[in-house]
Amino acid sequence: MERSTFVYDGDCAFCTRCAEFIDRRIPTGVRVVPWQFADLAALGLTEAECEEAVQWVGADGSRAAGPDAIAKLLGDSGPLWRVAGAGLRFPPVRAAAWPAYRWVARNRHRMPGGTAACSLPQEARERLYGPAGRPGA
């Protein structure tokens, strides 16, 4: 793989807003892609892993999930963001980041930009909203 990939849930409005923030504000050569449009097999990921947390697949084949994936993304960006990524890898911060990440993931439908569909498993979202995430799609 020639460049690293950051994978998020494209059916979640909150996650999509965060990915748009990355595209606009964080200078990185990382490919940021919703898992629904990614070649998961080529990345070595499963739908279950992607539903559970954001994923990082490095150009070198390294993998990370959740706040560790976010730290990798930040570490592959501009100087200020690299400092934030290093801070996220600092053991006490990392220990607190995982419970915080899990709380946000469970409550993402309540976050700004989130929707009720964000709280549903992928199978239920597709049943209710179709594969494109829209009713009747």
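Strand S1 and strand S3 (residues 55-57) run antiparallel and are joined by three bridges. Here, two strands pair if DSSP finds at least two bridges between them, and the elements are DSSP runs numbered from the N terminus (helices H or I, at least four residues; strands E, at least two). This is a predicted model, in which local features need pLDDT of at least 70 and side-chain atom pairs count only at pLDDT 80 or more, while totals for chains, interfaces and linings use all residues. Residues are numbered from 1 along each chain as its sequence is written, and side-chain values use heavy atoms, leaving out hydrogens and water.

**Around S1**

- Val 7 has Gln 55 as its bridge partner in S3.
- On the parallel side, four bridges link S1 with strand S2 (residues 31-34), and Tyr 8 sits opposite Pro 34 there.
- S1 (residues 5-8) is covered on both faces, with Thr 5 and Val 7 buried on one side and Phe 6 and Tyr 8 buried on the other; buried means under 20% relative accessible area, exposed over 50% and partly exposed in between, with a 1.4 Å probe and protein chains only.

**Around Asp 68**

- Asp 68 belongs to helix H4 (residues 66-75), and its relative accessible area of 17% makes Asp 68 buried.
- Beyond neighbours within four places in sequence, Asp 68 is in contact (heavy atoms within 4.5 Å) with Arg 94 and Trp 98.
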